[in-house]
Amino acid sequence: MVNGKPITLPLTRGTGKNPLIARYITLLPVNMLAVPPKLVTANGFLHSFPGIEKKADVDGVSRGALLNVADSLVYRVCGAKLYKGPEAVADIPNTDRVSMASSNQSVAVATGGLMIIRKSDGSTVNLDNWPPSQYFPGSAEILQSGSKGAGYDGTLQLTQSMVDKGRIKLTLTPEAGAATGAALDLDKIQQYYDQEPASAGTPYITDAYISGFDISGTSLTVSYTFNANGAEGDDNTQFVWQQVVEPTSLENAQYDIGEVADICHANGRYAWVKKGTNLWGVTDIDDETKPDRYRPFMTAEAYADPIIGIAEIGGDVAVFGTVSTEFFTLTGSSSTTTTVYRSQKAMLINVGIAGPHCKALADGKFAVISNPAGGRPSVYLLGDGRATEIATPEITDALTATDADELAKGVVQFFRYAEHALIVVRFASSVYCYDLVSKSWCQLAAGNGDEPHPAIDVLQEGVALTAGDIRYPRTGTLRDTTAAQYGETQPHILYSPLMNMPGARLFNLQLEVATGLTRQPEHIAVAATTDGAIFPREVTVRNDEPQRYDLIPCLNRVGFVKHNIGFRFRILSTTPLTVNSASVRPG
């Protein structure tokens with residue numbers, strides 16, 4: 001330490017002490033995001049988390065939301081209503097948090113053990129079994145027709161739908177002049193058909209034969225012998241190709257769908273978790289309101305832990321248990337005896353999740369809160385067959401101190417703001433935010449910094465970020481032009497490390513904070529601690545003044561340091577602010 005030379009105080013994380021266990025801890029910034037330097041020679045800084053402006057009144061607090069890429073609209077469940085953009089379009093029972101998924105035809109909501117599916121026509125149905133039996137009356141559809149006299153030779157080009165749909169039949173009706181014979185049906189390929197000789201003057205057909213195979217992209221051709229039998233005129237045989245579907249009755253298997261715990265959508269099907277089991281199911285490819293007709297359920301067999309949640313990633317399905325995460329991919333088989341998905345054993349990760357909403361896809365990996373059943377809970381990034389822990393020891397301590405049932409109600413979400421890629425972890429009354437870009441944590445808070453941040457279910461809606469609310473029936477828009485939360489002052493708190501400076505006298509404690517030309521923080525206060533646990537007194541320092549944008553808040557005299565000292569800066573502001581650095585000068 002050199003007297004007279006200012007010491008720069010890092011503010012991205014401070015040092016404190018937990019007096020209950022006498023251990024040093026990391027003190028995170030509150031409502032301040034770290035911005036890494038854009039040049040090697042430049043310094044990084046901290047910027048205030050965006051404020052919230054009211055967008056609309058809704059039926060209740062936010063219970064879940066998703067962006068439906070099919071119509072580029074945000075769907076939210078607020079209170080007992082499902083909102084499509086600003087419009088309430090369906091009733092959603094219960095008050096619990098919901099899981100949501102969507103296809104190009106519908107939006108599904110899982111609540112109270114049910115999967116409620118709102119179709120694009122506005123109707124609402126629940127996931128349920130097929131009827132025990134179904135009768136299909138059959139049909140006959142003309143595929144192609146023509147006559148010999150018009151130049152048609154009876155050739156039919158096959159398509160895949162023709163091959164799949166049913167039996168193909170050709171009807172030949174001999175004609176010559178004004179005389180017409182009896183119709184002859186050919187309903188099998190590569191088989192000869194003959195008519196009995198008709199009375200004189202009536203034509204008939206013999207040696208009728210269809211050449212070809214029931215393969216899409218090929219052609220069926222016909223040959224026959226036309227017998228005029230004394231009729232005057234040329235061969236004008238009529239050709240009629242028909243698709244014949246026979247009437248059938250189908251007995252449908254009845255499945256125990258169970259309580260729906262979580263849902264997602266992948267490859268044209270909804271998938272759901274059967275609560276309390278290691279089973280998960282998929283809906284039918286032809287009707288997403290029904291389970292697959294033949295093999296709806298798959299089993300997560302790597303471990304015996306029950307499945308907690310499910311999610312889609314790149315067309316595959318990730319299944320989260322209490323101590324494991326297993327990935328499934330399509331089998332590609334059309335057999336009715338083969339499951340739709342198969343497990344990818346090489347991708348198994350030995351980390352589970354605490355609750356169905358304790359996961360979020362963040363830049364190709366899942367950010368999760370792990371389950372206490374797998375050991376000390378923490379925050380992980382899951383991907384590429386491995387788990388990477390990103391939580392600080394203090395966040396892990398907070399997770400460990402939270403009751404398992406309360407932890408199961410936790411929510412993890414991911415969104416982008418400016419140059420930040422933010423993972424927001426919410427549990428109990430705590431909200432933490434991790435930036436994938438700066439690799440740094442902060443806390444998000446309201447009130448005096450002791451209340452959870454109100455914004456939840458943050459989604460990109462057009463060019464704006466919109467959010468629901470955890471306390472009031474409203475939605476909001478995140479704005480970087482304000483730091484206020486619905487007009488109320490937002491706290492911004494920064495901590496310095498605890499420094500060992502025995503016998504030092506400190507002067508000129510400065511905080512370089514910028515808020516603009518005429519706008520100013522409402523309050524800037526600094527408090528000091530000598531043990532890292534207690535900040536006994538706050539002192540107000542000078543703010544920016546109108547037209548004095550270069551005035552740096554400064555506390556001229558700090559005082560005598562016996563052993564250690566650390567600082568806390570608390571800035572109450574309704575305008576956005578940037579903190580570049582803090583410094584103190586030993587005398």
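Buried residues make up 50% of the 587 residues in this protein. Buried means under 20% relative accessible area, exposed means over 50%, and partly exposed lies in between, with a 1.4 Å probe and protein chains only. The model is predicted: local features need pLDDT of at least 70, side-chain atom pairs count only at pLDDT 80 or more, and totals for chains, interfaces and linings use all residues. Residues are numbered from 1 along each chain as its sequence is written, and side-chain values use heavy atoms, with hydrogens and water left out.

## Overall form

The protein has three helices and 54 strands. Both kinds of element are DSSP runs, numbered from the N terminus: helices are H or I with at least four residues, strands are E with at least two. The radius of gyration is 36 Å, well over the 25 Å that the globule rule gives for 587 residues, so the protein is more spread out than a compact globule. That radius is taken over C-alpha atoms, and the rule is 2.2 Å times the number of residues to the power 0.38. The C-alpha trace spans about 130 × 55 × 45 Å along the principal axes.

Contact means heavy atoms within 4.5 Å. Take the contacts between residues at least 6 apart in sequence: 60% of them join residues at least 24 apart.

The accessible surface comes to about 27,000 Å², and 50% of it belongs to carbon and sulfur atoms. Such areas come from the Shrake-Rupley method with a 1.4 Å probe; for residues, only the protein chains shown count as cover.

Now the charges. The protein has 48 positive and 61 negative charges, and their mean positions are 15 Å apart. Lys and Arg count as positive, Asp and Glu as negative; His and the chain ends are not counted. Each charge is placed at NZ of Lys, CZ of Arg, CG of Asp or CD of Glu.

## Aromatic pairs

A pair of aromatic rings is described by the distance of the centres and the angle of the planes. Rings of Phe, Tyr and Trp (its six-membered ring) pair if their centres lie within 6.5 Å; planes under 30 degrees apart count as stacked, over 60 as edge-to-face and the rest as tilted. A search of the whole structure finds twelve aromatic pairs.

One of them joins Y152 and F239. Their ring centres are 5.5 Å apart and their planes stand at 85 degrees, so the pair is edge-to-face. Y152 lies in the loop between β16 (139-147) and β17 (156-157), and F239 lies in strand β24 (residues 238-245), so the pair ties together parts that are 87 residues apart in sequence. Y152 and F239 are both buried.

W272 and F297 also pair. Here the centres are 5.6 Å apart and the planes are at 75 degrees, so this pair is edge-to-face. W272 is in strand β27 (residues 269-274) and F297 in strand β29 (residues 297-299), so parts 25 residues apart in sequence are tied together. W272 and F297 are both buried.

There is also an aromatic cluster, formed by F427, Y432, Y434 and W441.

| Residue | Relative accessible area | Class |
|---|---|---|
| T396 | 5% | T396: buried |
| I493 | 7% | I493: buried |
| E53 | 36% | E53: partly exposed |

T396 is in helix α2 (residues 393-400). Leaving out residues up to four places away in sequence, T396 touches R376, P377, S378, E389 and A391.

I493 sits in strand β47 (residues 490-495). With the residues up to four places away again left out, I493 touches P29, V30, N448, R568, F569 and R570. I493 and F366 are 127 residues apart in sequence, and 29 Å separates their C-alpha atoms.

E53 belongs to strand β6 (residues 51-57). Beyond four places in sequence, E53 touches T475, G476, T477, R479, T482 and Y486. E53 and L330 are 277 residues apart along the chain, and their C-alpha atoms are separated by 44 Å.

## Two positive phi values

Most residues other than glycine have a negative phi. D457 is not a glycine, yet its phi is positive, near 60 degrees. D457 is in strand β44 (residues 455-461) and counts as buried at 2% relative accessibility.

N508 is not a glycine either, and its phi is positive at about 50 degrees. N508 lies in strand β49 (residues 505-514). At 24% relative accessibility, N508 counts as partly exposed.
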